[in-house]
2 protein chains.
Amino acid sequence: MTTVLLVDDHPVVRSGLRAVIEAGDALTVVGEAATGEEAITLAGHLHPDVVLCDLRLGSGIDGIRTTIALRALDPAPAVLILTTFDRDAEVLGAIEAGAAGYLLKDVDPEVIVQGIHRAAAGDIVLAPDLATRVLKGMRSPLPRLTDREIEVLRHLARGATNKEIARTLFVTEATVKSHLAHIFTKLDVDSRSRAIHVAQETGLI
Amino acid sequence: MTTVLLVDDHPVVRSGLRAVIEAGDALTVVGEAATGEEAITLAGHLHPDVVLCDLRLGSGIDGIRTTIALRALDPAPAVLILTTFDRDAEVLGAIEAGAAGYLLKDVDPEVIVQGIHRAAAGDIVLAPDLATRVLKGMRSPLPRLTDREIEVLRHLARGATNKEIARTLFVTEATVKSHLAHIFTKLDVDSRSRAIHVAQETGLI
DNA sequence: GCCGGCATCAGCCAAATGGATGATTCCTGG
DNA sequence: CCAGGAATCATCCATTTGGCTGATGCCGGC
């Protein structure tokens with residue numbers, strides 16, 4: 001019998017997953033968590049074979065950090081990310097964090113059940129359309145922005161001017177422009193609006 | 001016995017809602033739909049007392065249009081919107097479309113059950129924090145943008161320059177600037193980035 | 001029929017933005 | 001120790017953007 005821990009901040013979704021998973025008789029849900037912190041604690045006690053985890057967990061740590069912490073446990077559960085969005089940056093981030101797979105919530109229940117079985121068996125499981133996109137992404141890898149650049153990008157997305165960004169970060173406007181120039185180059189754009197757009201598209205922010 | 005029709009594009013969520021709703025014995029789920037079109041057809045045949053509907057329904061018509069069509073039926077079901085996001089524009093839009101209420105998916109199951117009962121009884125049901133925000137929004141009502149302005153705003157959010165927008169819409173750059181000036185005034189901003197930001201915040205786009 | 005809102009266009013001007021180039025400092029990994 | 005990336009700052013210049021004012025044609029409601 002494969003044991004599963006559910007992690008999702010929506011009670012309704014947890015109920016749905018439990019119903020779907022326990023419809024067969026090869027899987028059993030041993031626990032539910034609404035937050036990442038709760039998930040880590042529970043996993044430490046329950047030692048589930050597979051953790052089914054949403055990426056967005058409301059307040060508190062996100063699915064990526066939760067995954068990293070879960071994979072550090074001994075024994076480490078397989079972590080299967082099940083979420084609503086398919087931001088490239090998040091998919092990559094999840095895989096790098098040690099997730100066994102990444103499925104979208106709009107798939108059929110049986111796909112989820114199959115995914116859990118394969119994750120428990122040590123397989124990597126990706127939604128078919130994701131797999132091809134991720135592989136394509138490998139060819140032209142997501143630009144690596146530095147922490148500072150991400151920070152600037154966030155202010156940018158909130159509509160801040162260079163002057164405002166400079167003030168909040170306690171640097172010169174020249175510095176902000178310098179960061180922006182780097183961001184523009186890495187994202188291959190030539191305006192702040194477009195930078196915001198691709199950053200949101202790829203899930204960088 | 002109050003009858004309920006579920007509308008959500010995620011099978012998992014439908015399972016969860018069904019489990020939650022049928023946990024008591026005063027409500028019964030008479031049908032499930034994955035799209036707005038399907039929901040309208042089913043409601044016409046099943047005559048549910050309450051339709052529980054997500055706003056985002058993947059491809060096809062959205063929850064607002066679905067609500068309008070449902071309210072045009074005879075007898076018209078009460079429509080309760082249950083969704084993940086709380087964009088002001090969407091909440092207002094849903095109410096204007098004739099929805100009996102608007103709940104967020106992260107509420108406790110019992111709140112959903114209560115909401116269904118109250119919607120069936122003809123009440124208006126809003127999540128508490130939403131109610132206050134909507135009332136506040138009434139005081140400074142959401143700016144009314146014209147169709148053309150929304151169109152420009154969308155291009156803006158995709159990062160287009162004035163020149164590009166002008167080309168796409170087959171108008172002069174002067175016209176685009178004119179629309180932008182109006183948009184800026186209505187949104188009370190002074191830069192395209194900030195316009196994009198508040199438009200996304202309020203759910204205008 | 002007239003008023004008002006909408007979409008369209010124009011010109012002018014100040015400010016913000018973006019591109020190019022280069023310098024300095026700090027830190028980190030060979 | 002030294003190469004290289006990161007963050008910081010600077011100057012110069014062309015382009016874009018945003019603010020202002022004003023004009024025209026169209027349509028729908030009163």
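Analyst: Among contacts in chain A between residues at least 6 apart in sequence, 63% join residues at least 24 apart. Two residues are in contact here if their C-beta atoms, placed from the backbone, lie within 7 Å. This is a predicted model: local features need pLDDT of at least 70, side-chain atom pairs count only at pLDDT 80 or more, and totals for chains, interfaces and linings use all residues. Residues are numbered from 1 along each chain as its sequence is written, while chains are lettered from A and ligands numbered from 1 in the order in which they are written.

Chain A has 10 helices and six strands. These are DSSP runs, numbered from the N terminus: helices are H or I with at least four residues, strands are E with at least two. The C-alpha trace of chain A spans about 60 × 35 × 30 Å along its principal axes. Of its 205 residues, 37% count as buried. Buried means 20 or more other C-beta atoms within 10 Å of the residue's own, exposed means 12 or fewer, and partly exposed lies in between; C-beta atoms are placed from the backbone.

Now the DNA. DNA strand C is surrounded by 22 residues. A residue is near a strand if its C-beta atom, placed from the backbone, lies within 6 Å of it. The closest are B:Thr146, B:Arg148, B:Val171, B:Thr175 and B:Ser178. Chain A gives two or more residues from each of helix H8 (162-169) and helix H9 (173-187). H9(A) gives the most, with five residues. By type, the surface near DNA strand C divides into five nonpolar, 10 polar and seven charged residues. Ala, Val, Leu, Ile, Met, Phe, Trp, Tyr, Cys and Pro count as nonpolar, Asp, Glu, Lys and Arg as charged, and the others, Gly among them, as polar.

Next, the strands. In chain A, strand S1 (residues 2-7) and strand S2 (residues 27-33) pair in the parallel sense over six bridges. Pairing requires at least two DSSP bridges between two strands. A:Val4 stands opposite A:Val29 in S2(A). Chain B has an open sheet of six strands with parallel pairing, in the order S2-S1-S3-S4-S5-S6. Its edge strands, S2 (27-33) and S6 (125-126) of chain B, each pair on one side only.

Last, one loop residue. A:Ala121 sits between helix H5 (109-120) and strand S6 (125-126) of chain A. A:Ala121 counts as partly exposed because it has 13 C-beta neighbours inside 10 Å.
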